Amino acid sequence: MTHKPDRLTLSHQLVARIPVTVTAADLLADRDAEPAPDPIAFDPVPRLRNRRGGWSEQVQREFIACLQQTGCVSVAARAVGRSVSSAYRLLRVEGADGFAVAWDQAAKEGLDRMREDALDRALNGSLVPVYRKGRLVRIEHRRNDRLAFALLSGRCNDVKYYRNDALNRHAYFMEMKALDEQRAAERQAREEAARAYQEELDRMLAKAKAMNGPRIRRL
């Protein structure tokens with residue numbers, strides 16, 4: 001029986017720049033191969049306590065740096081050992097304005113880097129492994145015309161065109177939180193008004209009942 005090599009592993013070893021399993025140290029170490037982007041300055045989201053697996057200030061800065069490198073939230077979150085859902089939940093916290101702005105800037109820079117890399121591969125081609133019966137037989141240099149057509153199609157390159165940016169997400173969550181608090185306050189005010197009305201009604205009924213007691217006949 002012929003042993004089938006792991007094509008995904010071979011492909012990433014040969015042609016991919018970002019492996020499947022990557023850490024923040026791996027991504028940030030790649031800065032030595034090309035000019036490092038300027039780090040994005042921002043105020044991290046304040047945390048009440050530093051717990052294991054939480055989003056400490058250092059983890060937030062590493063996440064933004066990795067997002068700046070890759071332009072992919074899932075890759076950046078996996079690189080710092082956190083889930084994507086927890087990264088988006090962090091945007092719902094009060095005081096995440098600076099983090100949201102840094103998120104958007106890092107995502108834009110990362111996407112720009114990806115487009116530049118895609119354009120380079122479209123113009124200059126890339127190495128593609130060729131397999132025969134489960135074995136790597138050669139590596140060909142190919143050009144990707146479809147990739148070039150996609151880049152030259154004139155589509156919008158703004159990050160807001162593809163998804164809601166982090167700042168809008170944070171503003172939306174804060175608006176929904178304020179709306180929930182307002183509704184809770186209004187509901188509490190209605191309940192207190194209803195309770196006060198019922199108490200006053202009970203007092204009036206008790207007073208009327210006392211006034212309409214049995215009459216004593218005169219002797």
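Biologist: What does the secondary structure of the chain come to?

Modeller: In this predicted model, the secondary structure comes to 9 helices and 2 strands, and from the N terminus on the elements run α-α-α-α-α-α-β-β-α-α-α.

Biologist: What is the mean pLDDT of the chain, and which share of its residues reach 70 or more?

Modeller: The mean pLDDT is 76, and 71% of the residues reach 70 or more. Over residues 1-20, however, the pLDDT is below 50, although this stretch has 27 contacts in the model beyond near neighbours in sequence.

Biologist: Why is H3 called roughly parallel to H6?

Modeller: Helix H3, residues 57-70, and helix H6, residues 97-124, pack at an angle of about 30°, with their axes 5 Å apart. Because angles under 35 degrees count as roughly parallel, H3 is roughly parallel to H6.

Biologist: Which residues make that contact, and how many of them are nonpolar, polar and charged?

Modeller: On the side of H3 they include Phe 63, Ile 64 and Leu 67, and on the side of H6 they include Phe 99, Trp 103 and Met 114.

Biologist: What makes H6 and H9 roughly antiparallel to each other?

Modeller: The axes of H6 and helix H9, residues 166-211, come within 7 Å and cross at roughly 150°. Since angles over 145 degrees count as roughly antiparallel, H6 and H9 are therefore roughly antiparallel to each other.

Biologist: Which residues of H6 and H9 meet?

Modeller: Asp 97, Ala 100, Val 101, Trp 103 and Asp 104 in H6 meet Ala 166, Leu 167 and His 170 in H9, and by class this contact has 5 nonpolar, 1 polar and 2 charged residues.

Biologist: How do you know that strands S1 and S2 pair?

Modeller: Two strands count as paired if at least two bridges are found between them, and S1, residues 126-132, pairs with S2, residues 135-142, in the antiparallel sense over 7 bridges. Val 128, for instance, stands opposite Glu 140 in S2. The two strands form a hairpin with 2 residues between them, and Lys 133 in the turn has a positive phi of about 55°.

Biologist: What share of the chain counts as buried?

Modeller: Buried means under 20% relative accessible area, and 26% of the 219 residues of the chain count as buried.

Definitions and conventions:
Residues are numbered from 1 along each chain as its sequence is written. This is a predicted model: local features need pLDDT of at least 70, side-chain atom pairs count only at pLDDT 80 or more; totals for chains, interfaces and linings use all residues. Side-chain values use heavy atoms; hydrogens and water are left out. Axes are lines fitted to C-alpha atoms, for helices over the stretch in contact, and angles run from 0 to 180 degrees between N-to-C directions. Helices (H or I, at least four residues) and strands (E, at least two) are DSSP runs, numbered from the N terminus. Angles under 35 degrees count as roughly parallel, over 145 as roughly antiparallel, 65 to 115 as roughly perpendicular and the rest as oblique. Contact means heavy atoms within 4.5 Å. pLDDT is the predictor's confidence in each residue, from 0 to 100. Buried means under 20% relative accessible area, exposed over 50%, partly exposed in between (1.4 Å probe, protein chains only). Ala, Val, Leu, Ile, Met, Phe, Trp, Tyr, Cys and Pro count as nonpolar, Asp, Glu, Lys and Arg as charged, and the others, Gly among them, as polar.
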